[in-house]
Amino acid sequence: MLFSSIEFLFRFLPVFMLIYLLVPGKYRNFVLLSGSLFFYGVGEPYYVLLLIFSIVVNYIAGMLILSQNRKIRKNRKNRKNTKNAGGGNYKDYKKYAKCILALALFFNFGILFVFKYWDFAAENINKLFSGNIIPILSLGLPLGISFYTFQIASFLFDCYRGKIKGNTSLIEFAAYVSMFPQLVAGPIVKYEEVEGELKWRKSTYKDIEDGLKLFSIGLGFKVLLANQIGTLFTTIMTAGAGNLSAPAAWLGAFAYSFQIYFDFWGYSLMAKGLGEIFGFRFPDNFDNPYAAKSISGFWRKWHITLGRWFKEYLYIPLGGNRKGIFRTVFNLLIVWTLTGIWHGADFNFALWGLTFFLILSIEKSGIGKWMEQRKFIGHIYVILLIPVTWMIFAISDVRQLQLYLQNMIGIHIGDVIVGSEQVIRYLKEYGVLFIICILFSIPYTMELYHKHKSKWYGLLVVVVIFWFSVYEIMIGSNNPFLYFRF
């Protein structure tokens, strides 16, 4: 079920909100869990059982780790010096906790591998050895599995590290994992960020009002900007990746850059708005990334919670940048290879991740800081480079990707079908939309909204955005969600 669908907006959400806001606070986690499983089950009737199974297994694993941590703390309290006392119990408890963590992570990432990467690995191994060595499973990808797998993993890591110490009920944990506002596409929320709210929260009138406004803005970004500008990229691509003039190829790249930004940012704002309605404060997932002055700066502002996950649970444990330049580069290689693969099981995603590894490694030499100190040059650098990387992300066929990138630098192998005449026509048709996208890609526009959102005219703007979005949905305009496939 899409947030930008009539079923969600006028059936599921109103009924759920009514029930949720009317029940006493102590029952809201149960209502949230029930509604979330129903929301997930509408689109994934079989995979909802997989989600429930994962919740139960990981809850047990988390509680076992916490029980070992409590024994460790008790051991430390009773013995001033574990070395003098032998420390046997301490070592046993720590070893047992580490074993549970390893088994739980193997379970979670094993499931992710089977559903997301098995067929890709099997097909390429079979091609390599010219035979049917490994069977093709042809399993559908459960919605949001990459997101909730990382969210569960963060819970387990934080249990092991001692960041989570208090008792957690199965209902609380299940509500945390399956919470429908951010289950399918994030943001990736750490348990400690919502632990207090899971135990007790309330939704004030202002929370509901602000949440609905934020949801409407996100809906507008998704339906009125991402969907509309996405039709331009689709139109350009229908001519064939090798049949574009350089201006047409760049126009398509800019269109896709805006599409994926407002698609994902819009969905993140809708999730954050729904969270506010239900009494949660989710972290921001975007911070005007296209206004960055370096690629490092871009990734501090794009998909913030994913970058944070890789930094806290992989990059820093590997040593970060504390062990010299060569180890730093190696750590970046691991992180960005996995970041690319996380997005999808295809060679273009791995190439996309490796491209950022190369760029960020170069920036580590000092070029990144130099760019950030020169505002104009830094902005131009990001604005020209990011659309190129998005083409690597968008085009899965490596040959077609090669042709598209060649077109961007003016090397044409095929006939130019989309030339200057078509580009001028597209600019006339989509020029205003491009300007709006640019305006909402800089900080000042949203700052203006937050400044005036409580005024009557601010409310009027939000209402117009909401109903205009509904109209676009009802007439059946293009309404995909790009990150559903991840």
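A polar atom of the Asn331 side chain lies 2.9 Å from the backbone oxygen of Gly320. The model is predicted: local features need pLDDT of at least 70, side-chain atom pairs count only at pLDDT 80 or more, and totals for chains, interfaces and linings use all residues. Residues are numbered from 1 along each chain as its sequence is written, and side-chain values use heavy atoms, with hydrogens and water left out.

**Asn331**
- Asn331 belongs to helix H14 (residues 325–343); helices are DSSP runs of H or I with at least four residues, numbered from the N terminus.
- Asn331 counts as buried because its relative accessibility is 0%, the cut-off being under 20% relative accessible area with a 1.4 Å probe, protein chains only.
- Beyond its neighbours within four places in sequence, Asn331 is in contact with Tyr315, Leu318, Gly319 and Gly320 (heavy atoms within 4.5 Å).

**Helix H6**
- H6 (residues 145–161) is largely enclosed by the rest of the structure, since 16 of its 17 residues are buried.

**Largest pocket**
- A pocket is an open set of points on a 1 Å grid over the protein atoms alone, where a 1.4 Å probe fits, with protein on both sides within 12 Å along at least five of seven lines; lining residues have an atom within 4 Å of a point.
- Its lining comprises 23 residues, with Ser296, Trp299, Arg300, Leu332 and Lys364 nearest the centre.
- Helix H12 (295–301), helix H13 (304–318), H14 and helix H15 (347–373) each give two or more residues to this lining.

Note on methods
Buried means under 20% relative accessible area, exposed over 50%, partly exposed in between (1.4 Å probe, protein chains only). A polar contact is a pair of N or O atoms within 3.5 Å; within protein, one must be able to donate a hydrogen and the other to accept it, and residues adjacent in sequence count only if both atoms are side-chain atoms.
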